[in-house]
Structures are given as C-alpha cells and as structure tokens.
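Dear colleague,

Please read them with the structure open beside you.

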Amino acid sequence: MKATEQLKKEHKAVKVMLLVLDKLCKRLEAGEKIDPNHLDSLIEFFRVFVDRCHHAKEENMLFVAMRKTMDPSDGDRIGALLKDHASGRNYIRDLSAATSLYKHGDPAAAGMILQSARHYMTLLIQHIDIEDNVLYPIADARLSGQKQEELLVEFDRLEEEEIGAGKHEEFHRLIDHLRGIYLS
Ligand SMILES: [Fe+2]
Ligand SMILES: [Fe+2]
C-alpha cells in the first residue's frame, strides 16, 4: 500500500463522521434534543484521529517529503492546505465550547454548534477533495515507491506515539457505532 492510499482511506472515515455531524446538526435545527455525548465523541475523533494523527502525517511527513521535490506553485498549494488544518482546529475549539454551553442549557448554544460545525464540514469536504484529486496524485507522480514505503513506516510510528496501540481500532468501532445510530 502507498502512504497516500492510507491517507485516502482515512479520508473515507472522516467523511462518515462528517455525515454523522451533519445529521446531528439537522436534528438540532429541527428543534430536537441531541445527545451531547455523541458530540463529545465526534470532537474527540476530529481532534485526535483527524488533527493529531491524519493532519500530522501530512504536515510532518508527506508535505515535507513533497516540498523536496516540488516547484514553487506546489508549495503554495501546500501552504493553503496547512491554513485549512489551522482553521479546522479553530472550528473544533468553537464547537467544543458550544457543546459545553449546550450541556449547561444555554439557549444560544444550538446556534453556535450549528455555525461552527457547518464551517468545519464545508472546509473539510473541500479540503479532502483537493487532497484526493489534486495533491495526492502529484505526490504519487513525484515520490518513489521506496519513499512511499518509508512514509508508511513513519505513519505507524506517529500513531504509536500519539495514540498508542488499539486506539485506531477503537475509533473505527466508534465510527460503526455512530453510523448505526445516525446513518442507517
Ligand atoms: Fe489535510
Ligand atoms: Fe487529509
């Protein structure tokens, strides 16, 4: 498997969780009560699986390898993707704050959840599309098979250090659990 293939697989998992978040938002918008624990689980997924693992694999490993082989316009493209990662982090911070207010019964919280969640969903869907269809194909064209293999080894090490053994599988169980509740 190529390093970019592992990242694409992770994008698929992220997109399922974005659909779950969208469903939660629609319920909230319809005036229904939602389970804040599910929002907490999604926030943990976006912070740990997406930001600390997936984005770190890109920022510290894939993008670093790509910069060594690229022309300046490709560098600009990577710069824009890095900005998206930072914006996503801010939206999740806002979503987390809004979720705390929701738990305390603040009447403004639902609107704040909707706003930050929707900003995040729009950003990430667009971001994933650019990576899958523009950036990773460039990586596949420019990085050797050996470099892709080296990156995969680095990815494993990062996951081990960041989240430890078994946590990745735990997230996949969480995805299945929430998919069963919201998307079936
Ligand atoms: Fe990214
Ligand atoms: Fe990505």
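Lys147 counts as partly exposed, because its relative accessibility is 26% and the partly exposed class runs between under 20% for buried and over 50% for exposed. Please keep in mind that this is a predicted model. The side chain of Lys147 meets that of Glu150 in a salt bridge, with 3.4 Å from N to O, and Glu150 is likewise partly exposed, at a relative accessible area of 34%. Both residues belong to helix H5, which covers residues 145-162, and they sit three residues apart, about one turn of the helix.

Helix H5 also holds Glu161 and Arg157, which are four residues apart, again about one turn of the helix, and their side chains form a salt bridge at 3.8 Å, N to O. Here Glu161 is exposed, with 62% relative accessibility, whereas Arg157 is partly exposed, with a relative accessible area of 46%. Elsewhere, Glu10, Lys57 and Glu159 are joined into one network by salt bridges that share partners.

A further salt bridge brings together the side chains of Glu44 and Lys167, at 3.3 Å from N to O. This pair links distant parts of the chain, since Glu44 lies in helix H2 (residues 36-67) and Lys167 in helix H6 (residues 167-182), 123 residues apart. Glu44 is partly exposed at 35% relative accessibility, while Lys167, at 17%, counts as buried.

Taken over the whole structure, there are 14 salt bridges, and the pairs described above are among them.

Terms used: Residues are numbered from 1 along each chain as its sequence is written. Chains are lettered from A and ligands numbered from 1 in the order in which they are written. This is a predicted model: local features need pLDDT of at least 70, side-chain atom pairs count only at pLDDT 80 or more; totals for chains, interfaces and linings use all residues. Side-chain values use heavy atoms; hydrogens and water are left out. A salt bridge is a side-chain nitrogen of Lys or Arg within 4 Å of a carboxyl oxygen of Asp or Glu. Helices (H or I, at least four residues) and strands (E, at least two) are DSSP runs, numbered from the N terminus. Buried means under 20% relative accessible area, exposed over 50%, partly exposed in between (1.4 Å probe, protein chains only).
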